[in-house]
Amino acid sequence: MDLGMTGLRVLVTAGAAGIGRSIVEAFAEEGARVFTCDVDATGLATLPEGVGHQVTDVADRAQVASLFDSAIAALGGLDVLVNNAGIAGPTGAVEEIHPEDWDRCIEVCLTSQFNCARLAVPHLRKSGNASIVNLSSAAGKFGFGFRSPYAAAKWGVIGFTRSLAIELGEAGIRVNAILPGLVAGDRQRRVLEAKAQQRGIGFAEMERIAFSYTSIKDYVTPRQLADQILFLCSRRGATISGQAISVDGDTRMLT
């Protein structure tokens, strides 16, 4: 399917590895012009040729301002912002969580999306095919015991997304959230390992419990998430906005 994305100007946060890298590569394969950032300079250096990049902590507003200066200069404008940056945050009972860990999780998973959106919108208003896609999580619609900072941030992402969709619709800017479930990769494995340790069980048992609450007993791949995002940002997704779209194998609960 030709999504007609040649020349689309795209900024993806946290694109050096994992989900973000798959999003960057998918857009580039479709002929889009892509700029990305990450805190991982080594990972950025291995991105495909032609993908612009800059080391950036998206929780730092001064660094985000510098990122946008570089991205807009390189791309000549902006059609798509993908707010992908996020961290797993701490695992533990609420009384055990250090306030600094809470703050950092909220800053990276939620506040960073505000930091980027506020600078992106003036440029997106000039686009004829403008989209913002915010990465939330299945944790954004279910409670997630012992992962309260992460769940709180991801619920916040959905509220932010729906509010922006209302606010920006008349400007022709559509805004959606993606809610991944259990995603294949090192970060998901570390989360399950931490949950297993917290419960005093083995990894395999923790994985079995996690999949007992999904209809499809398999991990979501980063590329599946990227494909959904590409569709939303193409003209085929022109009337899809304000949605929190689950890509999670029909997850019914997180544990």
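Two aromatic rings of Phe, Tyr or Trp count as a pair if their centres lie within 6.5 Å. With that cut-off, a search of the whole structure, which is a predicted model, turns up 1 aromatic pair. The partners are phenylalanine 211 and tyrosine 219, with 4.9 Å from centre to centre and 80 degrees between the planes. Planes over 60 degrees apart count as edge-to-face, so this pair is given that label. The two partners also fall into separate classes of accessibility: phenylalanine 211 is buried, because its relative accessibility of 12% is under 20%, while tyrosine 219, with a relative accessible area of 21%, is partly exposed.

Rings also take part in another kind of arrangement here, with a charged group placed over them. The charged end of arginine 147 sits over the ring of tyrosine 150, at 4.8 Å from the ring centre. Likewise, the ring of phenylalanine 203 has the charged end of arginine 189 over it, 4.0 Å from its centre.

The side chain of aspartate 79 makes a polar contact of 2.6 Å with the side chain of serine 127. Leaving out residues up to four places away in sequence, aspartate 79 touches Gly7, Leu8, Arg9, Leu124, Ser127, Asn129, Ala130 and Ser131.

One of these neighbours, asparagine 129, deserves a visit of its own. Asparagine 129 is found in the loop between α4 (99–124) and β5 (130–135). With 9% relative accessibility, asparagine 129 counts as buried. Its side chain is joined to that of arginine 174 by a polar contact of 2.6 Å. A polar atom of the asparagine 129 side chain also lies 3.3 Å from the backbone oxygen of cysteine 233.

The largest pocket holds about 1,000 Å³ and is lined by 49 residues. Nearest its centre lie Ile19, Gly86, Ile87, Ala88 and Arg187. Several elements each supply at least two residues of the lining, namely α1 (18–29), β2 (33–38), α4, α5 (148–168) and α6 (186–199). Of the contributions to this lining, that of α6 is the greatest, with 7 residues.

Glycine 169 is located in the loop between α5 and β6 (173–180) and is partly exposed, with a relative accessible area of 40%. Its C-alpha atom is 8.0 Å from that of serine 241, although 72 residues separate the two along the chain. Leucine 254, in the segment after β7 (244–247), is 130 residues from leucine 124 along the chain, and their C-alpha atoms are 35 Å apart. Leucine 254 counts as buried at 15% relative accessibility. Apart from neighbours within four places in sequence, leucine 254 is in contact with Ala138, Ala139, Phe142, Gly143 and Phe144.

Methods
Residues numbered from 1 in each chain as written. Predicted model: local features only at pLDDT ≥ 70, side-chain atom pairs only at ≥ 80, totals over all residues. Heavy atoms only, no water. Polar contact = N/O pair within 3.5 Å; in protein donor to acceptor, adjacent residues only side chain to side chain. Contact = heavy atoms within 4.5 Å. Phe/Tyr/Trp six-rings, centres within 6.5 Å; stacked < 30°, edge-to-face > 60°. Buried < 20%, exposed > 50% of the residue type's maximum accessible area, 1.4 Å probe, protein only. Lys NZ or Arg CZ within 6 Å of the ring centre and 35° of its normal. Helix = DSSP H or I, 4+ residues; strand = E, 2+ residues; numbered from the N terminus. 1 Å grid on protein atoms, 1.4 Å probe; cavity = no way out; pocket = protein on both sides within 12 Å on 5 of 7 lines; lining within 4 Å. Points joined across faces, edges and corners; volume = space filled by probe spheres on them.
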